[in-house]
Each structure stands twice: as structure tokens, then as C-alpha cells.
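Subject: Structure for your review

Dear colleague,

Please find below the sequence and the structure that I am handing over to you. My findings follow directly after it.

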Amino acid sequence: MSVTVDKHGDVALITMDDGKANAVNFDLMLALNDALDKAESDAKAIVLAGREGRFSGGFDLKAMANFTPEDAARLLDRASELLLRLYGGPLPVIGACTGHAIAMGTFILLACDTRVGAEGDFKLGANESATGMKLPVFALELARDRLSSQHLTRAMIQAFIYDSKGAVEAGYLDMLTAPEKVVEQSLAIAGQLTSLSTRAYAYQKAALRKPTLDAIRASIGNHPNL
């Protein structure tokens, strides 16, 4: 797994690139937390990007095939903690959605403050109802908070997969640009946000999102559906 951190002025660019689907597993989450440690220590804003054509294909289902219930619970807890860090953390986080984003990939996007997506024939959505998985608390809470209420049933219950334009309408993304300009546009937005008061930004973010953050936090270690 490759997660890199590059500084662009006061902005830290964190890039996920495993050469494949950027599947989310324990190794990826550990690497992302290490990258966030570095970013939060010497940057004023963060851009989180995927590889060309792929933001993230979601949880690593191949690895999960041999999980015990205890393994699954631990994975959900680590995912909850990562999303809490993105959604409730002090710095502006811009999601540079460089292509497809499925399941956990979309939940990472929902945890980013602003989401810039690639125009084109890309697929974004939560497919848990199609794959027979129950949505974890973090997915339900982030969807309620970020998605358009008109799309909640279609997106979360009916597992609809959107194209890039539809993902903006649903609320997975905020704006689109050419695929080759996604990271550039994300860095520009992050750069603008560095002019804001870090202290005030952190307070507003945590205060406004407190009910969602509290609900996700309370779910850690509590998995009656497993």
C-alpha cells in the first residue's frame, strides 16, 4: 500500500495509490492515520486524493472473506475512528475524487469538507444492499448529514450507483472538473481555506457536526448486528 504526503505551501496532499482499487484495510487505515499525523503537525489544510481513475473501491472484501466477527468489529471500529478524524478534525479536508468511489470509498468522501470529482464515466455509490451487507452506523450518520434527503432511499437503501453528475446532485460530490485537474482544483480550494482562522474553523466544524460525531463515537465497540 502506498500513501504519500507532499507539501504544497500550507497544504498537505495525501495520495492513496496501491496500483489497484485502493481497497480499505487495516494497512491503508494505519498509513492514512500516519499521513494525517504528519499533515496536522505542519499544514493548515489537507487534500485527500486517490490514484488516477480510482478514489477507492471500498473495504478489502478479499481480506474480509476470512474475518472472524471480532476481526469485522475491529475493522469497523478503525474505520469509525478514521472517519471521525476526517469529519471532526481541526483542518479543512478536501476530497479529490479522482475516479470511481464505492461503498467505504464514498463514506470517506462524505467525511471530507469539500469534494471535487472527476467528470466522466465514473461510478460512485454505496452498494451494501446489493452485496448483502448491513450499513454501519458511520455510513448511516454521514449519509443523513451529507446526502440530499431526496436521494437517501435511492442511495442507501436501494444501492443506486451514480455517475459523476448524479453524484453531485445526490451529495457525494460538491463539484466536477476534468479528471486531470481534480487534484489541482482541490489544492486551490484548500489553499484558499488556509486564510481562515484555524481555531474558528475547528470549533465551527466540531460544533455543527456534534450529533453525527457523537453517534459514530458511541458505535465504537458496540456491534450488535455482527
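Ala103 is located in the loop that links strand 6 (99–102) to helix 4. Please note that the model is a predicted one. Most residues other than glycine have a negative phi. Ala103 is not a glycine, yet its phi is positive, at about 50 degrees. With a relative accessible area of 9%, Ala103 is buried, because buried means under 20%.

The relative accessibility of Ala159 is 12%, so Ala159 counts as buried.

Next comes Met104, which belongs to helix 4. Is Met104 buried or exposed? Its relative accessibility is 1%, and Met104 therefore counts as buried. Leaving out residues up to four places away in sequence, Met104 touches Val24, Gly58, Phe59, Ala79, Leu83, Glu128 and Phe138. Met104 and Asp60 are 44 residues apart in sequence, while their C-alpha atoms are 9.5 Å apart in space.

Asp113 is found in the loop between helix 4 (104–110) and strand 7 (114–118). Asp113 carries a charged side chain by class, and at 10% relative accessibility Asp113 counts as buried. Which residues is Asp113 in contact with, leaving aside its neighbours within four places in sequence? They are Leu91, Pro92, Val93, Arg146, Asp174, Tyr201, Lys205 and Arg209. Along the chain, Asp113 and Leu196 are 83 residues apart, and 14 Å separates their C-alpha atoms.

I now turn to the helices. Two packed helices are described by the angle between their axes and the distance between the axes.

Helix 3 comprises residues 69–88. Several residues of helix 3 are buried, including Ala72, Ala73, Leu75, Leu76, Asp77, Ala79 and Ser80. Leu82, Leu83, Leu84, Leu86 and Tyr87 of helix 3 are also among the buried residues.

Helix 1 (residues 26–42) packs against helix 3 at an angle of about 25 degrees, and the two axes are 11 Å apart. Angles under 35 degrees count as roughly parallel, and helix 1 and helix 3 are therefore roughly parallel to each other. The crossing in which helix 1 passes helix 3 is left-handed. On the side of helix 1, the contact involves Phe26, Met29, Leu32, Asn33, Leu36, Asp37 and Glu40. These meet Asp71, Arg74, Leu75, Arg78, Ala79, Leu82, Arg85 and Leu86 in helix 3. By class, the contact of helix 1 with helix 3 has 8 nonpolar residues, 1 polar residue and 6 charged residues.

Helix 3 also packs against helix 11, at an angle of about 160 degrees and with the axes 9 Å apart. Helix 3 is therefore roughly antiparallel to helix 11, since angles over 145 degrees count in this way. Here, too, the crossing is left-handed. Asp77, Ser80, Leu84, Tyr87 and Gly88 of helix 3 make this contact with Thr212, Leu213, Ile216, Arg217 and Ser219 of helix 11. The residues of the contact of helix 3 with helix 11 divide into 4 nonpolar, 4 polar and 2 charged.

Thr212 lies in helix 11 and is buried, its relative accessible area being 7%. Not counting residues up to four places away in sequence, Thr212 touches Tyr87, Glu141, Leu142 and Asp145.

Finally, helix 11 (residues 210–219) packs with helix 10 (residues 198–208) at an angle of about 65 degrees, with the axes 5 Å apart. That angle makes helix 10 roughly perpendicular to helix 11. In this contact, Ala206, Ala207 and Leu208 of helix 10 meet Lys210, Pro211 and Leu213 of helix 11. The contact of helix 10 with helix 11 has 5 nonpolar residues, no polar residues and 1 charged residue.

Yours sincerely,

A colleague

How values were computed
Residues numbered from 1 in each chain as written. Predicted model: local features only at pLDDT ≥ 70, side-chain atom pairs only at ≥ 80, totals over all residues. Heavy atoms only, no water. Axes fitted to C-alpha atoms, helices over the stretch in contact; angles between N-to-C directions. Helix = DSSP H or I, 4+ residues; strand = E, 2+ residues; numbered from the N terminus. Parallel < 35°, antiparallel > 145°, perpendicular 65-115°, else oblique. Left-handed = near helix turned anticlockwise from the far one by under 90°. Contact = heavy atoms within 4.5 Å. Buried < 20%, exposed > 50% of the residue type's maximum accessible area, 1.4 Å probe, protein only.
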